[in-house]
Amino acid sequence: MSRLILFPAKVIFSLMVSFAIMALSPAYVNAADPNAFNRLMKPPSDRNLPPAKDGIHDPESVAANTLQPPMESFINLPKSNAGNYVDWVKALESKKIQPRYDKVDPNAQPIVMDLNIVREVKGSMPNVVYPHKQHTEWLDCSNCHPAIFIPQKGANNISMASILLGEKCGVCHGKVAFPVSNCRLCHSQPKTKAKPAAAKESSQAKK
Amino acid sequence: MKNKHNYRQLLRVVVTLLLITNVTFLYCEISEADNSVNDNAKLAHSNSVSRKIDLLGRLVQNSSAAARIENSDNDDAKALLKEARSAWENAVIKLEVMNIDQAEISAREGLIIMTRASSAVADTARLKNERLARYKQLRERITSFTEAFQRIASEKQETISYLLDMENIEKTISQAEKLAKEDNYTEANKLLAGAADSVEIALARARHKETLLHELKFNSLEEEFAYEKQRNHSYMLLADLIKKKKKVDEKRLHEFQSSLDENEKMRKKADEMVRNGDIEGAIKVLENGTQNLARTLRASGVVF
Amino acid sequence: MLMTIFTPKLPRLALLAVILVLTFGLGSLPVAKAEYGDVVINNYSDEAGMRPVIFPHWFHRIRFRCKVCHADLGFKFQAGGNEINMLKIIDGEYCGACHNGDIAWSVENCDLCHSGKPGTPTQAHESTLQKILAPTSTKKAK
């Protein structure tokens, strides 16, 4: 008798499990539920899709199944919330990736300049701290100076609009480096601490 | 008892049916996808092979690389070019008889050989220009870096001149100049690269762990006004681009346009105020204008 | 009674769950945008009848720092802003500086680079500007 009740109970339970899997699967949340949280945000299932499904590679080309799916590569890298969803700076610092600084010499080291530039901004947004250290690990001086940024105080007029238009910081950020969706990554120095001496300490503490 | 038995039987049947339909469905999807992929893939494949062969043909016949190889003394390279040409002819024949796979193999071989041949014969003219450009670039780099270093040295309280051996740098530059006169740019560039690195290291050491504060302090009100005007202009450019390219719906478009017109008015007003001598007021007007424009942009979906 | 559900008959249970998931769970994921930072280069590809090139920054970033391509090899910071063609590549310029059979595979693998959907315009895919100018829709794109 109890076996009679148990078996259908198991069936019902498995039904519940499978529906739960469906319901919790983010792809279905967005497709089905108009009141879903973060409806327009790209759900994890839509991120880092393999070439055959990413909307830009031709799925009928040989490449679609030969090229490495990004997820395979990103699975062991530190995560972030935008762009590739990978924190590339952290990946480099923790030596998870070891990109060459020279085309042929795998042991060449960059000359890193550890200099912070604090730009005061109008309005109530925190001041921007620009760290040369993280940038000079990847780039050469000539990449930015003087073509994009004149290395002189007051010589560069940067506004959010110009960044969104793809000028100044927007030459890379918002195109190949992390996008400007997380304000605090750059606007990181609250205005109350805007004294140069204090700025020095806080810049050492930051990053 | 019998009910129980039937019930269970029914369940088993249902489960089996589900299993069968799922497996069939999966199989069909895979094989259907497979079939359509197969047909498309065959066509795509033969197209891509014929493009490959076209490229190889262009490269081995009338490219500048082929001309360069033929005009050189390098017999090995000439032999490779000949091999590449025969690989191409082979590929063309195989393609004509629809032996796509063999055609592709020949085409690939041809391309690999052609690349080897091309790299065996250096494009001396281009390389010379590159070396010369690099020489000039390095000279300029050393100059601007040393200027920057000297600027920093004069700004600072404590002396940092020990960080950079200027004598050595100048010696290196004159050595490089001598080599350049003898047309030996390769060696000259090596020396200059070393010198450039030394100056860069000195700069990095001079500014190690420092923070430079770029305050919003202007030398004059006119400067601040120019700054604000340029800032406002950048928002205008963004707004123009959005108006042109983004599909904003009619009602929003109307609001958007009126906001842009309002901004134009503010700009003119600010200019007038400057003419009347009230620069501070003009700056405030521009600041407000920019803020309003930014608000409109945010309302139209630009997130910042 | 709930506890008794977790019996040694769990494998059968799991099978049932799998079957049901397959029954109701099959369906294609909504197609989303490509990898951030992929640069589509379609200067000459469409005319030549080839698929446009898709350059994946992420893959190269793992192996080389920005300086190697953008300072040493002369690539400009602009999608489509470098006059690259197959001849230059074979001569060892631009992409050919590494894709020459020595550092990386060579030009015989056409489709690994020319992998984009035909007609895709030159762009830095998923750039902020592209997203700003995209029509805001409540439906999933494509």
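Of the 142 residues in chain C, 41% count as buried. The model is predicted.

**Chain C**
- Seven helices and three strands make up the secondary structure of chain C.
- Read from the N terminus, its elements follow the order α-β-α-β-α-α-α-α-β-α.
- Among contacts in chain C with a separation of 6 or more, 51% come from residues 24 or more positions apart.

**Where chain B meets chain A**
- Chain B has 33 residues in contact with 34 residues of chain A.
- On the chain B side, helix 1 (2-62), helix 5 (124-155), helix 7, strand 1 (210-214) and helix 8 (221-245) each give two or more residues.
- Helix 8 of chain B gives the most, with eight residues.
- By type, this side of chain B divides into 17 nonpolar, six polar and ten charged residues.
- Strand 1 of chain A (residues 115-119) pairs with strand 1 of chain B in the parallel sense, over five bridges.
- In this pairing, A:Leu115 stands opposite B:Glu210.

**Helices 6 and 7 of chain B**
- The axes of helix 6 (residues 166-181) and helix 7 (residues 185-206) of chain B come within 8 Å and cross at roughly 160 degrees.
- Angles over 145 degrees count as roughly antiparallel, so helix 6 of chain B is roughly antiparallel to helix 7 of chain B.
- Their crossing is left-handed.
- Residues making the contact include B:Ile169, B:Ile173 and B:Leu179 of helix 6, and B:Leu191, B:Leu192 and B:Val199 of helix 7.
- The residues of this contact divide into eleven nonpolar, four polar and one charged.

Notes
Residues numbered from 1 in each chain as written. Chains lettered and ligands numbered in written order. Predicted model: local features only at pLDDT ≥ 70, side-chain atom pairs only at ≥ 80, totals over all residues. Axes fitted to C-alpha atoms, helices over the stretch in contact; angles between N-to-C directions. Helix = DSSP H or I, 4+ residues; strand = E, 2+ residues; numbered from the N terminus. Parallel < 35°, antiparallel > 145°, perpendicular 65-115°, else oblique. Left-handed = near helix turned anticlockwise from the far one by under 90°. Contact = placed C-beta atoms within 7 Å. Nonpolar A, V, L, I, M, F, W, Y, C, P; charged D, E, K, R; others polar. Buried ≥ 20, exposed ≤ 12 C-beta atoms within 10 Å, placed from the backbone. Pairing = 2+ DSSP bridges.
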